[in-house]
Structure formats: structure tokens, C-alpha cells
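Hi,

Here is the structure I promised to pass on. Have a look at it first, and then read my notes below.

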Amino acid sequence: MTTPDLPPHAQEPHPIAPRRVSFDWRATPLVWIPDEPTAAHVINVLHLLLPAGERWFVKVFKEALPLVRDDQLRADVKGFMGQEATHSVQHSTVLDHLAHQGLDTTPYTRRVDSLFARLLSETPPFGLPLTDREWLRFRLSVIAAIEQFTAVLGDWVLNAEGLDRAGPDPVMLDLLRWHGAEEVEHRAVAFDMYQHTGGEDPARHLRRFLGMAMTAPVLLHLWGRGASYLLRHDPQLAAPSRYSLRAHRRAVRKGLLPTWGELGAAIPRYLRRSYHPSQEGSLRTAVAYLASSPAARAAAGAVGRAALP
């Protein structure tokens, strides 16, 4: 059964499936962009946030999956869950690599885990008088808001020529672009899931607004704190370093980080009633990178070999 509330995901029919990639981190330095510790560690915050966040995505989607009445959306959601689970595992391996090089991230990641456990679990925090269904809808709106930013970041990293010019570690760049390509590939799934299960407007649109209103400042705060933590605790820097907006802006000018404008503009765009995430990025560019990614090609080859009699 198809619901009229579901945005037209069929306009871009594309199967979504996890790729069982793996990465060898043995030769990857902590500052994987040469002489650019701020840019490297601002991007490294992804590894601090995503393992817990993407495990939470999967948990909430499992809870909501029985509400899906559209066969295509159900297939997309299951593919999304598989991709997000793989992302969580692969970013966790980077944390192990950082620890092996003397940068222990557990004090920070423990706080991130606590955030999800205390504020976004199955039970509303602070005794909020919300029904189970309403709380589930709000958490789905938060996931859709987060996925707006991951789609924008995914599109940015696929096209970040400044990173190529800087001579980064190729394994880390492949991880980021593989992940970014999959974020663009499944950029509409969380939004479609929310629209499908979020009830009727105007409450559905208001909840979408509230989800973004909570998500944007929390992500900004976590990112700044995470970058500060990594720079302060990197044992390979000549002296303990601090995160600074001046160094951040310098990295932006070099094309090593997205601009504040690119990130900020994603918010009002997302809040338009006519908005759909298929407007973000290029599926063709994402698929082209996935066809050339060393890790994705190796994973496809392993699957092909395993299928041989």
C-alpha cells in the first residue's frame, strides 16, 4: 500500500545496500592531513560521534519499522539500517587506531554514549508527558535532521578538491568519501521515514522544525568540544593545542573544511514545506565514487569471490 504522504522516492529508483568494507589503518597518522592538525581533528570528530549515533539510528528505526506501510520504503529503510551499522563499525575502528597511537577518546565518547542513553532512549527524559508514539516520532525527526547535515557533508567531501591538493592519507580519505557517498545515496530515507510515520500536518511539520531546532545547536556544541578534546590530547603535537576559530577559518579558506554558509544554509532549506532531500548532492557522483572506492571495490570483490561455487 502506498500512502500519499510519502514523498516521491520512486523518482530516483536506486537500491540501497550495505557494503562490507574494511580499512587498514596501520600507516595512517593522527594528523592525516599533513601540517593541518585543526582540519584533521575537526573532521576526526566524526569518529567520536558516529559510532554511538548510528547505532542509535538503527535502534530507533527497528522500533519504527512495523509502522511502515510502503514496500519500497521498507526496503530502503532496511538498506539504510545496514549501511548505518557498517558506518558505526568502521568509525569505531578509527577510534581503536587513535588509541593505539596514544590518543584515548573514551572520556569523550563516554559522554556521547550517555547523551543518547539519557536523552534519546525509548523513554522520554525528565518525565515529559509524551505518548510512546509521539516520542518515537520526535526521535525520527531528530534522525531526519541529522541526516540533512550528513548529506551536505557527504556531498562536500566528495567534491573537496582542497583535500586532494593537501596530500591527505589515502585510506582516511577513502573512508570519508565512501561514507559520504553512502550518505548521499540514502539521503532521503530518514526524511521519507519521518514523513511516512509522523502523522498529519501541521503537527508533523512543527515536529520537523523542533527536531532541527534541537539538532543543529547540539551538533555544533559537540563538534566544537570534540575538536578541542582531540587537539588538546593529541600526543604527537609538539605542544598541547587549542581549537581556534582562526585556525578553522584558515582551513576553510584552503578548502579543507566546509564553509559555515554551506552548513547553515542547509537548515532553512530543510524547513521549507516543499523540501525533499533528493535535492541534496548528486546521486550520480556518489555512485561513481562507490564504483571507484578502493574499499568498496575490495568489498564487492570479496562478495563476488564468496559467491563462486
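Glu280 and Arg269 pair up in a salt bridge, with 2.7 Å from N to O; by salt bridge I mean a side-chain nitrogen of Lys or Arg within 4 Å of a carboxyl oxygen of Asp or Glu. The pair links distant parts of the chain, eleven residues apart: Glu280 sits in the loop between helix H11 (266-271) and helix H12 (283-292), and Arg269 in helix H11 itself. Glu280 counts as buried, at 6% relative accessibility, while Arg269, at 23%, counts as partly exposed. The cut-offs there are under 20% relative accessible area for buried, over 50% for exposed and partly exposed in between, with a 1.4 Å probe and protein chains only.

Before you go further: this is a predicted model, where local features need pLDDT of at least 70 and side-chain atom pairs count only at pLDDT 80 or more, whereas totals for chains, interfaces and linings use all residues. Residues are numbered from 1 along each chain as its sequence is written, and side-chain values use heavy atoms, with hydrogens and water left out.

A search of the whole structure turns up 14 salt bridges. Another of them joins Glu185 to Arg19, with the closest N and O atoms 3.0 Å apart. Glu185 is in helix H6 (residues 170-185) and Arg19 in the segment before helix H1 (37-64), so this pair ties together parts that are 166 residues apart in sequence. Glu185 is buried at 7% relative accessibility, and Arg19 is partly exposed at 22%. Glu182 comes in here too: Arg19, Glu182 and Glu185 are linked in a network of salt bridges.

What does Thr86 touch, leaving aside its neighbours within four places in sequence? The contacts (heavy atoms within 4.5 Å) are Pro18, Arg19, Arg20, Val21 and Trp178. Thr86 itself belongs to helix H2 (residues 71-100) and is buried, with a relative accessible area of 7%. Between Thr86 and Val21 there are 65 residues in sequence, but 7.9 Å in space, C-alpha to C-alpha.

There is also a salt bridge between Asp24 and Arg26, at 2.5 Å from N to O. Asp24 is partly exposed, with 40% relative accessible area, and Arg26 is exposed, with 76%.

Now the overall picture. The protein has 13 helices and zero strands, both taken as DSSP runs numbered from the N terminus (helices H or I, at least four residues; strands E, at least two). Its radius of gyration is 19 Å, close to the 19 Å that the globule rule gives for 309 residues, so the protein is as compact as a globular protein of that length. That radius is taken over C-alpha atoms, and the rule is 2.2 Å times the number of residues to the power 0.38. Along the principal axes, the C-alpha atoms fill a box of roughly 60 × 55 × 35 Å.

Of the 309 residues, 53% count as buried. Among contacts with a separation of 6 or more, 83% come from residues 24 or more positions apart.

On charges, there are 35 positive and 32 negative side chains, and the centres of the two sets lie 4 Å apart. Lys and Arg count as positive and Asp and Glu as negative, without His and the chain ends; each charge is placed at NZ of Lys, CZ of Arg, CG of Asp or CD of Glu.

Cheers
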